[in-house]
Each structure stands twice: as C-alpha cells, then as structure tokens.
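Subject: Structure handover

Hello,

Please find the structure below, followed by notes on what was found in it. The notes can be read with the structure open alongside.

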Amino acid sequence: MDNIAGKKSGLTWAVHLATLLLVLLWLFPTVGLLVSSFRTADQISSSGWWASLFPTERNVVMRAADPDDFRVADDDLFVVSGNLFDEDPTVSVATISVWGTSSREISQYTAGETADLGDGATITVQANGDYEWRGPDGEISGRGQRVFATIEAAPEFTLANYEQVLLSGNSTDSMAKAFFNTLTVTIPATIIPIVVAAFAAYALAWMEFPGRALLIAAVVGLLVVPLQLALIPLLKLHLGIGIGKGYLGVWLAHTGFGLPLAIYLLRNYMVGLPRDIIECAKVDGATDFQIFTKIILPLSFPALASFAIFQFLWTWNDLLVAKVFLIDATGETTVMTNQIVELLGTRGGNWEILATAAFVSIAVPLVVFFAMQRYLVRGLLAGSVK
Amino acid sequence: MNPAIQGLITIVLGVGGCIAYFYLSNQFLDKVLFPARGANAGRNINRANMIRPWLFLFPALFALGLYLAYPVVETLRLSLTDRDQGGAFVGLANYQQMFSETKFWEAMRNNMLWLIVVPALSTAFGLLAAQLTDRIRWGNLAKSLIFMPMAISFVGAAVIFKLIYDARPIDQEQIGILNAIYLGLGGTEPQQWLTIPFWNNFFLMIVLIWIQTGFAMVILSAALRGIPEETIEAAIVDGANPFQIFFKIKVPQIMGTIVVVWTTITLVVLKIFDIVFAMTNGQWETQVLANYMYDKLFRASDWGVGSASAIVIMLLVTPILVWNVYNARKEMR
C-alpha cells in the first residue's frame with residue numbers, strides 16, 4: 001500500500017536496507033559471543049572476534065630447527081629441513097606470502113625463492129612453511145636461522161572451551177552441575193503452576209459464583225506486583241516452617257510468582273471457547289470435573305503451551321529468585337545464571353570461559369524459542385492486546 | 001537424595017497431588033456432603049454447585065495469597081520495624097534513613113532515567129521494526145531474529161554486552177567492538193564505558209532495549225495488521241505520502257496498543273535487577289532501586305530499609321496496577 005504512484009523502487013530498497021541494518025545490529029552482539037566461545041584465549045585477547053571470520057595477515061618471526069640436533073650431511077654441505085610452523089605452536093594452518101631473513105627487510109623474498117645468506121649458505125622457504133637451509137659446516141651451526149614472514153592464517157576455531165566448561169573444568173568453571181541444577185529448578189516450576197492455574201482459570205471462566213469479577217480483577221492486579229516485595233517475608237516464612245533454602249522453596253516461589261500470568265492467560269483463552277460444547281456436555285450429564293479434563297484441557301493446549309514457554313524462559317533465566325530461595329552458603333545448588341555472575345567476578349578477563357559458559361546457558365532457551373515461537377507470540381498477544 | 005530424583009518426585013507429587021485433590025474433593029462434595037439423591041436431591045445439587053468453584057479455586061487462591069498478597073502487607077509492616085531492635089515498631093525511621101542516603105537518591109534518579117529512556121526507545125524501535133518487516137518477503141525471518149534476545153537471560157545479555165564494552169590498553173588490539181569503532185573514528189584513548197558516571201547508565205539501558213524491542217515489535221506488528229485497509233487506501237487516494245500515512249493514519253489507530261506496550265516495558269524496567277547486578281553492581285553511579293534493595297536486604301542485612309525500598313518500588317508500580325485493573329473491569333462489562 002505504501003508503494004503506489006511511482007515511489008515503489010526507491011522506498012522498497014530503503015525498507016530492505018533499513019531492515020537488514022536493524023537485523024544485523026540486533027544479531028551482532030549474540031554472534032560476537034558465539035564466535036568468541038569457539039576461539040582460544042590467545043586468539044580472543046589478540047584480536048576482535050570480527051577479525052576471526054576472515055583470514056588474518058600478520059608478521060611473525062620463526063626459527064629453523066636447531067642445527068646441532070637436526071642437521072644432516074649432504075656431500076660436503078649440511079642441510080636442515082622441516083616446516084617452520086612446526087616450531088611455532090601459535091600458528092597451525094597458514095600460508096607464507098613474503099619473507100625475509102633480516103628484521104629490516106621482512107618482505108625481501110616471495111614464497112619459493114631462495115635467499116643467499118652469504119658464505120655459501122642458502123635458505124629456501126615454501127608457501128606452506130617447508131624450508132631447506134643448506135650451507136657449509138661453519139654456517140649451519142649455533143642457533144636455527146631466523147625467518148621473518150608475513151603469513152595469512154585461515155580462520156580457526158576450537159571446541160576446547162566447551163570441553164573445559166562442560167566436561168573437564170574445575171568446580172568453579174564447571175557449568176555441568178549448574179546446568180542440571182537449572183534443569184531441576186525449571187521443570188517442576190513450569191509444570192506445577194500450569195495444573196493449579198488451569199483449574200482456577202476454568203472456574204473463573206465458566207462457573208458462576210458471587211465475587212468472580214472481583215477475583216479476576218485481583219489476578220490482574222497481582223500480575224504486576226513486583227516480586228521484590230515477596231523476598232523477605234517469604235524467606236522468613238520458608239525458614240520458619242523448615243523448608244529453608246532449597247529446591248522445594250524455589251519451586252514453591254516460582255509457582256506462586258507464575259500463577260497470576262498463568263491464570264490470566266488461561267482464563268482469557270478458555271472464555272473464548274465455544275459455549276455450545278460446554279452446554280451440550282452439561283446437558284448430557286457431564287460434571288464440571290469431566291468437562292474440564294475431557295473438553296477444556298485438550299482444547300486449551302495452545303494457551304497451556306504459551307504459558308509453559310513463558311514460565312520456562314522465566315525460570316531458566318531467573319537470577320534473583322534462585323539467589324534468594326535456593327542457593328545456600330555451600331553453593332552446591334548454584335544455577336547457571338548465578339554461576340555466570342560469579343565467573344564475571346572471578347574470571348572477568350577470561351573471555352573464552354565466560355563466553356562459553358554464557359552460551360551454554362543461552363542455548364537451551366534459544367532452541368525452545370525457535371521451536372515454539374508461534375506459541376510464544378500467541379501468548380504475548382493474548383497477554384497484552386486485549 | 002539426588003536433586004534430579006527429588007525433582008521428579010516433586011513433579012509426580014505436585015501434579016498427582018493437584019489432580020487427586022481436585023478429583024477427591026469433587027467426589028466428596030457430590031457423594032458425601034451433598035449427594036444428589038434422597039429427599040433433598042435438588043437442593044443438594046444447587047449447594048454442591050455453589051461450593052464447587054471454590055474447590056477449583058482454592059489451591060491457586062492459597063498460593064496467590066501466600067506468595068503475593070501476604071508479602072505486600074508483611075513488607076509494609078517490616079518497613080516500619082527495626083530488625084536490630086527485635087522487630088520493634090519504629091514508625092517511619094527506616095524511610096527517613098533511606099531518604100537521607102545519597103545512594104537511594106542516585107537509585108531513584110537512575111530509575112527515572114531508565115523509566116523514560118527504555119520504554120520510549122524500545123517502543124520506538126519496536127514500531128520501526130514492525131513497520132519495516134510488515135510488507136517484505138523475509139519479514140518473518142527478520143522478526144524472529146530481532147525477537148530472539150527475548151529468550152536470552154539478563155545475565156547472558158550482560159556477558160554479551162560486557163564483551164562489546166570491553167577495553168584494552170591503547171597499545172593492544174581492541175577486542176570490544178565499541179572501542180574498536182571509537183578508535184577507528186578517531187578516538188584517542190580506549191574508554192572504560194561502564195565506569196563513566198551518568199553515561200554508563202545508558203550503556204546499561206542499551207542491554208534492556210536490545211531485549212525488549214522484540215517484544216514491542218511483535219505486539220505492535222499484530223496491531224498494525226489489524227488496521228482497516230480502507231483507512232490507508234483513503235489516505236493514499238488523498239495523496240498522503242508514506243510518512244504521513246504512518247504517522248497520521250497508522251500510529252493514531254494503534255495508540256491503545258502502544259500504551260499497553262509502553263506500560264508493560266515500564267513494569268520490567270521498574271524491577272530491573274540482573275543487568276545492573278551483573279554488569280556494575282551499582283558502582284560508578286549506576287545504582288537502581290531493585291539492586292539497592294538487594295544490597296540492603298542481603299549484604300547490609302537491613303530488612304527495615306530494604307523493605308522500605310521495596311515499598312517504594314510497589315508505589316511506583318501502583319498507578320499501572322490501578323490502570324490495568326480498571327481496564328480489565330471495563331472489558332468484562
């Protein structure tokens with residue numbers, strides 16, 4: 001509609017470009033973290049992650065192998081041969097473009113050329129790093145010949161960070177335990193409020209009783225009560241009745257905090273179900289309990305899924321509730337968000353650990369997000385556009 | 001006991017318990033208390049139907065009351081008492097102490113900044129993204145990608161943006177993109193962005209804007225699609241240009257939704273804790289109310305002042321609460 005009367009091409013291009021720009025801007029931060037999690041500590045601290053996507057050109061100094069150990073006799077000359085990159089563990093896959101034998105002329109020769117070192121000694125360096133250093137006894141001795149080279153290194157990525165963070169890391173770095181702890185918090189905290197809320201939502205949607213409107217209004221009001229208010233009273237309550245800090249406490253807390261949204265979403269959805277079905281069932285003698293379990297619950301699946309995703313994302317990503325109700329002084333029950341905050345404090349400079357740990361915690365919600373986006377959007381629309 | 005097994009048992013007990021409760025209580029009501037037979041069958045059915053809603057509602061009401069309604073009252077009471085004096089009533093002393101702290105006013109000032117900037121920019125970017133992606137072929141893909149940060153935790157986002165804001169000494173290669181760009185554009189010295197008072201607040205806000213824009217976009221995009229085509233066609237016939245159509249025809253028609261988005265993001269902002277906690281922990285003048293409260297409650301163990309600041313957050317939320325309830329009631333009529 002926007003593109004009537006000859007304005008089409010210019011504006012359409014602008015729209016495409018602007019959208020692309022916006023998407024890239026929004027994607028860029030996450031990609032940075034993802035790329036960083038596949039780089040080694042050295043790589044991360046020596047160049048920005050964006051540089052790692054392209055072959056990098058840099059100047060290095062390398063040395064031929066020690067002639068005292070490696071030289072072999074060839075007629076009256078001695079030869080040391082091998083690959084320059086073998087001597088330098090920081091470079092693995094690279095190509096030499098130009099090289100030199102003195103720091104003043106580092107681009108004197110191109111790959112494959114032979115340099116005259118004087119006194120009958122020569123060295124030949126190939127693009128892949130192979131060299132042959134040849135000369136009389138007196139020259140092929142002492143330390144290995146230095147080679148100054150400009151190399152082009154291909155992008156290089158490693159899974160070592162994930163191995164360290166998930167499998168072998170020491171207890172402060174390890175995310176494996178925190179991952180399972182998070183899972184342990186999340187699943188009951190997602191399922192239990194759904195059951196409790198579904199019954200209440202049915203009552204609020206389809207049963208007639210005095211005070212119903214008031215209760216619905218109360219749920220809408222509780223929807224926005226900041227959970228900050230609940231921290232101290234509930235912690236006192238939990239400590240008082242013996243639950244203390246632990247999984248039971250955090251499950252109960254998440255259930256309580258998730259209920260208003262659950263009831264609100266489910267009720268709004270259930271109210272929209274066709275009245276005929278329910279009345280027919282009633283005429284046929286079905287009880288409310290039967291109507292609920294056999295008719296309403298299956299029909300409400302989209303709303304149940306919406307809320308389940310919300311609650312899952314919320315409990316998985318939560319830090320505050322876990323810190324207050326779950327994590328005790330031993331730290332045995334730490335969740336991933338808390339683990340990452342602690343890593344930020346203790347290993348603030350170790351980006352390879354931080355990025356990997358963060359990505360481990362982000363990965364599951366992202367999978368859920370992309371798999372169930374439809375329900376998430378539907379839930380959002382039901383929750384706020386009314 | 002292994003927590004995973006404990007979790008499994010809890011699921012079974014929780015879900016099973018709920019279902020058993022609902023089933024058995026309904027059975028009890030119908031078969032024992034008010035059986036639908038005998039002389040008073042009709043009266044009994046009516047009575048049972050009067051009680052049944054409350055059976056369905058009870059667990060939810062109990063949990064809501066205990067976990068949300070009771071804490072509001074209890075926090076209010078705690079804010080008027082002093083823990084060190086054994087919980088004695090001290091009137092408004094906690095509030096007086098809080099109001100005399102500069103850190104509190106810093107948190108208030110920052111929260112107000114957040115309240116203005118984040119909802120405004122998130123809604124604006126969301127509206128822009130919704131309009132841009134509305135009529136292009138790869139719009140849904142673009143939407144997904146802009147919406148994606150919604151799934152990322154505040155803590156994860158904090159790590160992501162800490163990498164962006166990272167600063168290295170001038171003689172080293174910059175690994176934070178912001179400093180790389182800053183130096184590329186002629187900056188002389190790498191900046192520690194998060195330690196520059198006042199402006200660092202905005203660097204923290206960017207994180208939340210990044211997360212919330214997708215939410216705003218999804219809702220506003222649905223609203224834009226709901227606009228009647230005739231109004232736009234009429235505007236085109238009258239010779240309106242695309243910008244006039246957007247600002248004079250479309251935006252006024254979705255004003256209600258914009259307000260809803262704005263207030264929803266406002267609620268998130270009022271409770272913002274994780275981002276500040278993970279990125280600066282309130283240092284360098286970036287304190288916000290929720291983090292101030294956490295500091296008071298769990299570091300200073302001052303439950304009185306902590307509760308008082310929680311009540312301040314509640315008071316700031318109250319207008320939105322009232323407005324929401326008012327709208328919900330209006331709809332139900």
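**An exposed methionine and its patch**

B:Met50 is exposed, with a relative accessible area of 61%. The classes used here are buried for under 20% relative accessible area, exposed for over 50% and partly exposed in between, with a 1.4 Å probe and protein chains only. Before going further, note that this is a predicted model, in which local features need pLDDT of at least 70 and side-chain atom pairs count only at pLDDT 80 or more, while totals for chains, interfaces and linings use all residues. Residues are numbered from 1 along each chain as its sequence is written, chains are lettered from A and ligands numbered from 1 in the order in which they are written, and side-chain values use heavy atoms, with hydrogens and water left out.

B:Met50 lies in helix 2 of chain B. Helices (H or I, at least four residues) and strands (E, at least two) are DSSP runs, numbered from the N terminus. Together with B:Phe28, B:Val32, B:Leu33 and B:Ile51, B:Met50 makes a nonpolar surface patch of about 490 Å². Helix 1 (3–33) and helix 2 (41–78) of chain B are the elements that give two or more residues to this patch. The most comes from helix 1 of chain B, with three residues. Patches are made of residues with over 30% relative accessible area and no salt bridge; like charges are joined within 9 Å, and nonpolar side chains (Val, Leu, Ile, Met, Phe, Trp, Tyr) within 5 Å. Accessible areas come from the Shrake-Rupley method with a 1.4 Å probe, and for residues only the protein chains shown count as cover.

**Chain B overall**

Chain B has 14 helices and two strands. Its radius of gyration is 27 Å, well over the 20 Å that the globule rule gives for 333 residues, so chain B is more spread out than a compact globule. That radius is taken over C-alpha atoms, and the globule rule is 2.2 Å times the number of residues to the power 0.38. Along the principal axes, the C-alpha atoms of chain B fill a box of roughly 95 × 70 × 45 Å. Of the 333 residues in chain B, 53% are buried.

One buried residue is B:Ile245, at 2% relative accessibility. B:Ile245 belongs to helix 10 (residues 242–253) of chain B. B:Ala234 is eleven residues from B:Ile245 in sequence, and their C-alpha atoms are 10.0 Å apart.

**Chain A: domains and strands**

For chain A, the domain assignment gives domain 1 (8–52), domain 2 (55–153) and domain 3 (163–384); such bounds come from an automatic or database domain assignment. The centres of domain 1 and domain 2 of chain A, taken over C-alpha atoms, are separated by 39 Å.

Strand 2 (residues 72–74) and strand 3 (residues 77–83) of chain A run antiparallel and are joined by three bridges. Two strands pair if DSSP finds at least two bridges between them. In this pairing, A:Ala73 stands opposite A:Phe78. The hairpin of strand 2 and strand 3 of chain A has two residues between the strands, and A:Asp75 takes a positive phi near 55° there. Strand 3 of chain A is also antiparallel to strand 8 (residues 130–135) of chain A, with six bridges joining them. A:Val80 has A:Trp133 in strand 8 of chain A as its bridge partner.

**Salt bridges**

Over all chains, the structure holds seven salt bridges. A salt bridge is a side-chain nitrogen of Lys or Arg within 4 Å of a carboxyl oxygen of Asp or Glu.

In chain A, the side chains of A:Arg134 and A:Glu132 meet in one (3.6 Å, N to O). A:Arg134 is partly exposed at 25% relative accessibility, and A:Glu132 is partly exposed at 34%.

In chain B, B:Glu101 forms a salt bridge with B:Lys296, with the closest N and O atoms 3.1 Å apart. B:Glu101 lies in the loop between helix 3 (93–99) and helix 4 (102–134) of chain B and B:Lys296 in helix 13 (residues 289–299) of chain B, so the pair ties together parts that are 195 residues apart in sequence. B:Glu101 is buried at 18% relative accessible area, and B:Lys296 is buried at 14%.

B:Asp134 and B:Arg225 also meet in a salt bridge through their side chains (3.1 Å, N to O). Since B:Asp134 is in helix 4 of chain B and B:Arg225 in helix 8 (residues 199–225) of chain B, this pair ties together parts 91 residues apart in sequence. B:Asp134 is buried, with 13% relative accessible area, whereas B:Arg225 is exposed, with 52%.

Finally, a network of salt bridges links A:Lys236, B:Glu74 and B:Arg77.

Regards
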